[in-house]
Amino acid sequence: MKDIIIIGGGPAGLSAAMYAGRAQLDTLVLERQFQGGQMMNTNEVENYPGILETTGPELSGVMYEHAVKFGTKMAFEEVIGLEVDYPIKKVITTTGVYETKTIILAMGAKPRQLGVEKEQELWGRGVSYCAICDGGFFRDKEVAVIGGGDTAVEDALYLSRLAKKVYLIHRRDQLRAAQILQQRVLASNVEVIWDSKVTKLYSEQTLTGVEITNINTNEATDIDIQGLFVAVGSIPATGLVKDLVELNEQGYIVAGESCETSINGVFAAGDIRQKELRQIITAAADGAISVYQAEKYILTRA
Ligand code: NAP
C-alpha cells in the first residue's frame, strides 16, 4: 500500500511528488497525459522565484526531474474511480487498482470553450486552446485570440512574433491581465477589438474567419482569420470527485490553505482548489503543504 497517491502531474502534483519523495513517503503520481499540466501551454514564465525567465515546457521538465529525484514514481495512467474509505483508499485506473493511505487531488483545470457553433468540430482545424502548442502552424497567417486575462494577452504577444496579424478580441472595454502585460500588448502591433464576442465561425475544410458582434451596438463584423485561439479561462477538472468531496459554486474543491478537503486523508492542491490566485507558484506551494498535511495524517490517523 502507498502512503500517498498524487493524481495529476502539473506544478502542484510535481511539487507534492518532490516533497513526498524527500520525506521518504512511498508515493506514486498518476498522470493521464504528460507532466507539466497547464504549464505546457505557457510560453514565458518570468514570475517563478529564482528563475529569471523560462518557458512552461522547460520548467515542466525541470520540475519532473526534481519530482523523481527523491524516488517518487510517476505512472501515465488515467484515474477512473476513487474509493475514499478509512483507513485504506483505492484509486482505480484504466490499468489497475492501487491502495493508499492518502490521496492528493491535483488534477488542475482545463480550458473553457466559447460555446459557439462548430467550435468543437473545428478544434485542431483552426480552433486552438493552446497558443504555445499550435502557434507554429500559423506562421505568417492571420489569427485572433479571445479573452482579456493573462493567458489571452500572453498568447497574443507570443503569436505576434509568428503570425502576420493578431487580433485580441475581448468582451469588455478593459483587460483583466496584469498591468505589465496590458502595457506590452497595447504597445505592440496586436489589434485589440473591445466589447466584442465571437458569434459565428466560418469554415471550408478549416477555419476561414469569424463573425464578431459588438455587445453595445449589436453590430456584426466578419474578420478573415485562419487561427482562433480561445483563452477564456478554465474549468476545474473535478469530474472524478464531484460526488465525493465538497465543491464550491464554481466547481472548485472546497479546501483551505491546509489543502484538507471534506474527506479525511484526501487533500486538494493547485488550480483545482478554491483559491484567489492560480499561478504556478501557488500550485507548487499547495503541493508542499498537502504533503506536510498528508504526512501528519499518516502519523496520527492512518
Ligand atoms: P482568467 O483570468 O479567468 O481570464 C479569462 C478571460 O476570458 C477574462 O478576460 C474573461 O472576461 C474572458 N472570458 C471568460 N469567459 C468568456 C466567454 N465565454 N467569452 C468571452 N470571453 C470570456 O483566465 P486566464 O487568463 O487563463 O488566467 C487564469 C489564471 O492563471 C489567472 O489567475 C492568471 O493570473 C493566471 N495566469 C498567470 C500567468 C503568468 O503569471 N505568467 C499566465 C497565464 C495565466 P472578463 O474579464 O470580462 O471576465
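Helices (H or I, at least four residues) and strands (E, at least two) are DSSP runs, numbered from the N terminus. The structure is a predicted model, in which local features need pLDDT of at least 70 and side-chain atom pairs count only at pLDDT 80 or more, whereas totals for chains, interfaces and linings use all residues. Residues are numbered from 1 along each chain as its sequence is written, and side-chain values use heavy atoms, with hydrogens and water left out.

Glu-211 lies in strand E15, which spans residues 207-214. With a relative accessibility of 13%, Glu-211 counts as buried, where buried means under 20% relative accessible area, exposed over 50%, and partly exposed in between (1.4 Å probe, protein chains only). The side chain of Glu-211 is joined to that of Thr-199 by a polar contact of 2.7 Å; a polar contact is a pair of N or O atoms within 3.5 Å, and within protein one must be able to donate a hydrogen and the other to accept it, while residues adjacent in sequence count only if both atoms are side-chain atoms. When residues up to four places away in sequence are not counted, Glu-211 touches Lys-197, Val-198, Thr-199, Lys-200, Tyr-202, Ala-220, Thr-221 and Asp-222, contact being defined as heavy atoms within 4.5 Å.

Strand E15 belongs to an open sheet of three strands, ordered E14-E15-E16, with antiparallel pairing; two strands pair if DSSP finds at least two bridges between them. The edge strands of this sheet are E14 (196-203) and E16 (220-224), each of which pairs on one side only. From one strand to the next the twist averages 25 degrees, with axes taken as lines fitted to C-alpha atoms (for helices over the stretch in contact) and angles running from 0 to 180 degrees between N-to-C directions. Five bridges connect E15 and E16 in the antiparallel sense, and Val-210 has Ile-223 of E16 as its bridge partner.

A second open sheet consists of five strands in the order E10-E17-E11-E12-E13, and its pairing is parallel. Its edge strands, E10 (127-128) and E13 (191-193), each pair on one side only. Strand E12 (residues 165-169) pairs with E13 in the parallel sense over three bridges, and the bridge partner of Ile-169 in E13 is Ile-193. Elsewhere, strand E1 (residues 2-7) runs parallel to E2 and is joined to it by four bridges, with Thr-27 of E2 as the bridge partner of Ile-4. From strand E2 (residues 27-30), Thr-27 and Val-29 point one way and Leu-28 and Leu-30 the other way, and all are buried.

Helix H4 (residues 150-160) contains Asp-155, which counts as buried at 5% relative accessibility. Asp-155 and Ala-131 are 24 residues apart in sequence, yet their C-alpha atoms are 5.7 Å apart in space. Apart from neighbours within four places in sequence, Asp-155 is in contact with Ala-131, Val-145 and Ala-231. The buried residues of H4 are Ala-152, Val-153, Asp-155, Ala-156, Leu-157, Tyr-158 and Leu-159, and their cover includes helix H3 (131-134), strand E11 (142-146), E12, helix H5 (179-186) and strand E17 (227-230).

The ligand is surrounded by 17 residues, of which the closest are Asn-47, Asp-150, Thr-151, Arg-172 and Arg-176; a residue is near a molecule or strand if one of its heavy atoms lies within 4 Å of it. Taken alone the ligand exposes 920 Å², and the protein buries 77% of that, with accessible areas computed by the Shrake-Rupley method with a 1.4 Å probe and, for residues, only the protein chains shown counting as cover.

Some backbone features remain to be described. Most residues other than glycine have a negative phi, and most peptide bonds are trans. Asp-140, which is not a glycine, has a positive phi of about 60 degrees; Asp-140 is found in the loop between H3 and E11 and is exposed, with a relative accessible area of 56%. Asp-195, also not a glycine, has a positive phi of about 55 degrees and lies in the loop between E13 and E14, but Asp-195 is buried, with a relative accessible area of 16%. A cis peptide bond, with omega of about -5 degrees, joins Tyr-86 and Pro-87, and Pro-87 lies in the loop between strand E6 (79-83) and strand E7 (89-93).
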